[in-house]
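Let me put the structure up on the screen, and then we can walk through it together.

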Amino acid sequence: MTTREFAPGLVIRGFTPPLRLSDYKLAAFDMDSTLINLECVDEIADAVGLKEEVAAITEAAMRGEIADYKESLRRRVALLRGVTIADMELIYTGRLQLNPGAERLVKACQAAGMKTLLVSGGFTFFTDRIRDRLGIDFTRSNVLEVESGPNCGQLTGRMVDQPWGDICDGAEKRRMLLETCEQLGISPRQAIAVGDGANDLPMMGEAGLSVAYHAKPRVREQAMVQINEGGLDRLLELFD
């Protein structure tokens, strides 16, 4: 399937614009490096002086070079032991920003009557806040375990199992997309999926429109839309 540059920094594959936003009923977004400007696990690791070590694992995972994503995340989270809730609060208030165009794109989807879904290999401490900030309908992400007792408020270096499973990886992102479509009574082809890393590919493969935002090469190669320059709202250029 051939790709072509629709506009500077905006590459499309397998369809001819314009599309109609009203043809889609769900928009699913990754969070880290997609809706927001950073990788939360890397920034949390900075609080214990291990950002470079953790970021190297994250980068390899996002490029798709680590076969077992769950194990790579467990390895990274284990290094976060001792980080405090206050440390994470400082990341949220002092470093985390919405990526350019994120709010405009989400609001445009909502104005067109679409439901919105946030699926992340990150953590509820951040995803719940982004959900509330953007008015997102559904979320799925990981829960960091926090110490009780003398070390109350510190991370244990583990995650908490949830009713749906243990870790939100690529397979879980895909499952959540399909589950949400079923709940809404729509086809996955009526969904848009936006991400940047290899763990977004399973859900992007199910969606009617897959969007790679400043993404890793493997993700760009497989996406129907590549946003390589500018903000997330550049997606709207493809719609009438």
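Predicted model: local features only at pLDDT ≥ 70, side-chain atom pairs only at ≥ 80, totals over all residues.

Okay, salt bridges. How many does a search of the whole structure find? The count comes to 23. I'll pick out a few of them.

Let's begin with Lys-173 and Asp-30. Their closest N and O atoms are 3.0 Å apart, and the two form a salt bridge. Now look at where they sit: Lys-173 is in helix α8, residues 170–184, while Asp-30 is in the loop between β3 and α1, so this pair ties together parts that are 143 residues apart in sequence. Are these two residues buried or exposed? Lys-173 has a relative accessibility of 0%, so it counts as buried. Asp-30 comes out at 5%, and anything under 20% is called buried, so that one is buried as well.

Next up are Arg-158 and Glu-145, whose side chains meet in a salt bridge at 2.7 Å, N to O. Here we go from strand to strand: Arg-158 belongs to β6, residues 155–160, and Glu-145 belongs to β5, so the bridge ties together parts 13 residues apart in sequence. Glu-145 is partly exposed, at 23% relative accessibility.

Glu-179 is partly exposed at 30%, and Arg-175 is partly exposed at 35%.

One more before we move on. Glu-43, Asp-46, Lys-51 and Arg-95 are linked in a whole network of salt bridges.

The structure holds 2 aromatic pairs. One of them is Tyr-24 with Phe-239, and it is edge-to-face: the centres are 6.1 Å apart, with 85 degrees between the planes.

Phe-125 and Phe-126 are both buried.

Let's stay in that part of the model, in helix α7, residues 124–134. Which residues of α7 are buried? They are Phe-125, Phe-126, Thr-127, Ile-130 and Leu-134. And what covers them? The cover includes the helices α1, α2, α5 and α6, along with the strands β4 and β5.

Keep an eye on Arg-129 here. Arg-129 lies over the face of Phe-125, at 4.1 Å from the ring centre. The charged end of Arg-129 also sits over the ring of Tyr-92, 5.0 Å from its centre. Then, just after α7, Gly-135 takes a positive phi of about 70 degrees.

Ala-207 is buried, with a relative accessible area of 3%. What does Ala-207 touch, not counting residues up to four places away in sequence? The list is Leu-177, Pro-188, Arg-189, Ala-191, Ile-192 and Ala-193. Take Pro-188 from that list: Pro-188 and Ala-207 are 19 residues apart along the chain, and their C-alpha atoms are separated by 5.2 Å.

The last stop is Gln-226, in strand β9, residues 225–227. Gln-226 has a relative accessible area of 12%, so with the cut-off for buried at under 20%, Gln-226 is buried. A polar atom of the Gln-226 side chain lies 3.2 Å from the backbone oxygen of Arg-220. Leaving out residues up to four places away in sequence, Gln-226 touches Gly-9, Leu-10, Val-11, Ala-212 and Arg-220.

Conventions: Residues numbered from 1 in each chain as written. Heavy atoms only, no water. Helix = DSSP H or I, 4+ residues; strand = E, 2+ residues; numbered from the N terminus. Buried < 20%, exposed > 50% of the residue type's maximum accessible area, 1.4 Å probe, protein only. Polar contact = N/O pair within 3.5 Å; in protein donor to acceptor, adjacent residues only side chain to side chain. Contact = heavy atoms within 4.5 Å. Salt bridge = Lys/Arg side-chain N within 4 Å of Asp/Glu carboxyl O. Phe/Tyr/Trp six-rings, centres within 6.5 Å; stacked < 30°, edge-to-face > 60°. Lys NZ or Arg CZ within 6 Å of the ring centre and 35° of its normal.
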